[in-house]
Amino acid sequence: MTKTDIRHILTIFLIFLVCFIFSQKYISSLAKIDKNLYNIGMKYIIITYGCQMNVHESEKLAYICEKLGYTPTDKREEADLIIFNTCAIREGAEDRVFGNVGALKKLKKMRPNIIIAVCGCMTQKEQTANYILRTFPFVDIVLGTFNLANFAHYIEAVKTGRQLEILKEGEIDETVPYKRSDRDNAWVNIMQGCNNFCTYCIVPYVRGREKSRKEENILKEIKEIVEQKKFKKITLLGQNVNSYGQDLKDGSTFSKLLSDICKIDGDFSLTFMTSHPKDLTSDVIDVIAKEKKILKEIHLPAQSGNNRILALMNRRYTREKYLSIIKEIREKIPNCKITSDFIVGFPTETEEEFKDTLSLVKEVKFDGIFAFMYSPREGTVAEKMEGQIDQKTKKRRVNALLRLEKEIQEEKRNGRK
Ligand code: SAH
Ligand code: SF4
Ligand code: F3S
């Protein structure tokens, strides 16, 4: 071999080496984006109904959508992925979902490739899930409340056909983070489910039994939120936050959780929802009174001012007990804002019994109330009760309650307490 031959071989080898290195770099840069490549430029929208729990779970769905490469839009017409996160608490909430899903029929006809998903509390009821699949053949994915953490899997799987899965129970997911949507407030879920079975309420059937998150996981999440310095307020979420920890059987209680959170260094205020009067114990009221970080506000749903109706509702407190809690709150936390929920027209509620609700509202002079007409929920105890009240009476009662509430607020504004 001549010297020139060796030089040629070396040159060819060098050129080959350079080409190899560049091709490897190109392949690896492609691989990085490859996972999300098919979703790039695609948009998603999540339409959320119901309580703050759902709002917060939609933040998890949003994180998953963005991880898949979708970007948010607020226009349904331009979305490639449309998700309905539904609520089953009253008939009206369900009817709105049926109307809004039905309205997408035309859009799906024009753009058959869009994905439509319906999930949340409504679809956790198997009958409703099947009804949605039957009535809206253009819906691609129907999931229950325990399937959300695996949402990415269903988006992938939809290529092979429609997806329906309703898990009966599920553990609290700690693996998927949230895309926090509120600018000032960070929601933090502390427990899921409800054990109370108020006779009118669908929540225990669609959210399962109470499961509390471990205190250390909650504290870790809150520390991370505080370190970001983006959120002024932290709101703890649970259907009945006062019973936090009872299922853990390790000594965890809601008052301990509150005081441990307040020990976290940083500038934030803390609040929570929702409290059940039967579990709002003195230790919780004491912590709220003591800790500067805890906002002086409590949402304490009374539901009715009449003892017979409260017993029929399975609320497990009396009007007198409720008033004694209000008294304790006002004594220990003089400026505490107290708000409440009421249901009118519960089965067999008489005019006199409804007046007890009015008198309770008059007596407590809440800082705000939500008033609902009783809505029968399939599968609950109250739905099967004799003596269902007609719609006209419910409307009259809810209007009377709201009128009284308006008068009280005006009185308060005018300083004539
Ligand atoms: N876990 C919370 C409430 C969740 S539901 C609590 O126990 O307070 C929010 C409110 O919806 C309830 O307080 C109740 O006033 C109302 N609600 C629940 N089920 C209802 C039904 N079937 N009809 C009318 N209102 C209902
Ligand atoms: Fe429903 Fe009662 Fe549970 Fe609240 S405490 S979610 S009203 S069952
Ligand atoms: Fe509705 Fe489910 Fe919340 S039924 S009120 S979204 S827990």
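Q: Which way does H10 cross H12?
A: In this predicted model, H10 passes H12 in a right-handed crossing.

Q: And which residues make that contact?
A: On the H10 side the contact is made by Ser282, Ile285, Asp286 and Ala289, while H12 contributes Glu328, Ile329 and Lys332.

Q: How do those divide by class?
A: The residues of the contact between H10 and H12 comprise 3 nonpolar, 1 polar and 3 charged.

Q: What's the angle between the two helices, and how far apart are the axes?
A: Helix H10, covering residues 282–290, packs against helix H12, covering residues 319–332, at an angle of about 25 degrees, and their axes are 10 Å apart. Angles under 35 degrees count as roughly parallel, and H10 and H12 are therefore roughly parallel to each other.

Q: Switching to the ligands, how many residues surround ligand 1?
A: There are 17 residues around ligand 1, and the closest are Gln239, Pro301, Asp341, Phe372 and Ser375. By class, the shell of ligand 1 holds 8 nonpolar, 6 polar and 3 charged residues.

Q: Where does ligand 1 lie relative to the domains?
A: Ligand 1 lies between domain 2 (182–271) and domain 3 (296–417), because both of these domains give residues to its shell.

Q: OK, and what surrounds ligand 2?
A: Ligand 2 is surrounded by Cys194, Asn196, Phe197, Cys198, Cys201, Val203, Pro204, Gln239, Asn240 and His276.

Q: What classes are in that shell around ligand 2?
A: The shell around ligand 2 has 6 nonpolar and 4 polar residues, with no charged residues.

Conventions
Residues numbered from 1 in each chain as written. Chains lettered and ligands numbered in written order. Predicted model: local features only at pLDDT ≥ 70, side-chain atom pairs only at ≥ 80, totals over all residues. Near = placed C-beta within 6 Å. Nonpolar A, V, L, I, M, F, W, Y, C, P; charged D, E, K, R; others polar. Domains from an automatic or database assignment. Axes fitted to C-alpha atoms, helices over the stretch in contact; angles between N-to-C directions. Helix = DSSP H or I, 4+ residues; strand = E, 2+ residues; numbered from the N terminus. Parallel < 35°, antiparallel > 145°, perpendicular 65-115°, else oblique. Left-handed = near helix turned anticlockwise from the far one by under 90°. Contact = placed C-beta atoms within 7 Å.
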